[in-house]
Amino acid sequence: MKYASEEKEGPAVEQTEGPAPSAPEKTERRGAAPHPAAPHDEQQGTRNRVARSILDHGPSTAAELALRLELTQAAVRRHLDALAAEGVVEPREKRVYGNRGRGRPARAFALTDCGRDAFDQAYDQLASDALRWIAQSAGGGEKGEAAVAAFARARLAAQAVGYREAVEAAEPEARTEALARALTADGYAATARSAPNPQLGEQLCQHHCPVAHVAEQYPQLCEAETEVFSRLLGTHVQRLATIAHGDGVCTTFIPKAGAGKAAHSTARTSKTTTASASTAGRNPA
């Protein structure tokens, strides 16, 4: 990952956690011509370098980070305070091996789970590899696809336990909204809104999909989710668009009770409209 240059600071202040560079921190590497940078971008770049250093070297004190990054301890502490306020790092008492000297123990800063998530992770690749292994272990082909579908249904069934509680606690006309709130709590950024013809039904829209990249390869995940929505809401639902297929939003049509064939016709029309409108946002083939 490429970071912005370090921010410029004044001379080092009195140290309490160990030695720091005697010279002011540098804005550029030696021999490199200086170039302008916006103050906010420069600070964010330095903040990223601080967090990356903790990721690479483990829990670190401000003094250790200052030496490692050629910054003053005052600058490092300011960035650590900002990162702690954002929930990216958290202070801990530094572990000491052997006899500990006098004085207050130095605080080390470690990345939180949120902080680690800000860096590249291989979760998508791990999930894809696991599903591929399931398919191959089942014999591949149709048997493999069926095995992945069984896994997807089992996963969604467990996930839907909390959704069911939220839906059943709501009034019938508010159940789609209750499901949207439950999905949002799981990171799907979901909303409920009226269909183009409000008399016929509603649309459940998921503006984010945590498993979109995996679902591109294994549509069984989307199919299992649609089945769960149908069971939770007690009606047949129709998936109109998915992020995994390149659409901007995962959209599910939910007909009102008694809407019948008219609702199904509206859903098909809406599906065509939604797909056309989202073509500009499709992923390249």
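How far apart should the ends of helix α3 (residues 73–85) be at 1.5 Å a residue, and what do its end C-alpha atoms show? The 13 residues of α3 should span 18 Å, and the end C-alpha atoms are 18 Å apart, which agrees. The expected span is 1.5 Å times one less than the number of residues.

This is a predicted model, in which local features need pLDDT of at least 70 and side-chain atom pairs count only at pLDDT 80 or more, while totals for chains, interfaces and linings use all residues. Residues are numbered from 1 along each chain as its sequence is written, and side-chain values use heavy atoms, with hydrogens and water left out.

**The chain**

The chain has ten helices and six strands. Helices (H or I, at least four residues) and strands (E, at least two) are DSSP runs, numbered from the N terminus. Of the 285 residues, 37% count as buried. Buried means under 20% relative accessible area, exposed means over 50%, and partly exposed lies in between (1.4 Å probe, protein chains only). Contact means heavy atoms within 4.5 Å. Among contacts between residues at least 6 apart in sequence, 56% join residues at least 24 apart.

In α3, the buried residues are Gln73, Ala75, Val76, His79, Leu80, Ala82 and Leu83. Glycine 87 follows α3, with a positive phi near 80°.

Helix α7 (residues 175–185) buries Thr176, Ala178, Leu179, Ala180, Ala182 and Leu183. Their cover includes α6, β3 (190–194), β4 (201–206), α9 and β6 (250–255). Just after α7 comes glycine 187, with a positive phi of about 95°.

Two packed helices are described by the angle between their axes and the distance between the axes. Axes are lines fitted to C-alpha atoms, for helices over the stretch in contact, and angles run from 0 to 180 degrees between N-to-C directions.

| Pair | Angle | Axis distance |
|---|---|---|
| α5 (residues 123–137) and α6 (residues 141–168) | roughly 130° | within 7 Å |
| α6 and α9 (residues 220–233) | about 35° | 8 Å |

α5 and α6 are therefore oblique to each other. Angles under 35 degrees count as roughly parallel, over 145 as roughly antiparallel, 65 to 115 as roughly perpendicular, and the rest as oblique. α5 passes α6 in a right-handed crossing. A crossing is right-handed if the near helix is turned clockwise from the far one by less than a right angle, and left-handed if anticlockwise. On the α5 side, Leu131, Ile134 and Ala135 make the contact; on the α6 side, Gly144, Ala147, Val148 and Phe151 do. By class, that contact has six nonpolar, one polar and no charged residues. Ala, Val, Leu, Ile, Met, Phe, Trp, Tyr, Cys and Pro count as nonpolar, Asp, Glu, Lys and Arg as charged, and the others, Gly among them, as polar.

The crossing of α6 and α9 is also right-handed. The contact residues of α6 include Glu145, Arg153 and Tyr163, and those of α9 include Leu221, Val228 and Arg231. This contact has twelve nonpolar, one polar and six charged residues.

**Two single residues**

Glutamine 220 sits in α9. It counts as buried, at 10% relative accessibility. Glutamine 220 touches Glu145, Val148, Ala149 and Ala152, not counting residues up to four places away in sequence.

Cysteine 114 lies in helix α4 (residues 113–117). At 46% relative accessibility, cysteine 114 counts as partly exposed. Cysteine 114 and valine 88 are 26 residues apart in sequence, yet 5.8 Å apart in space, C-alpha to C-alpha.
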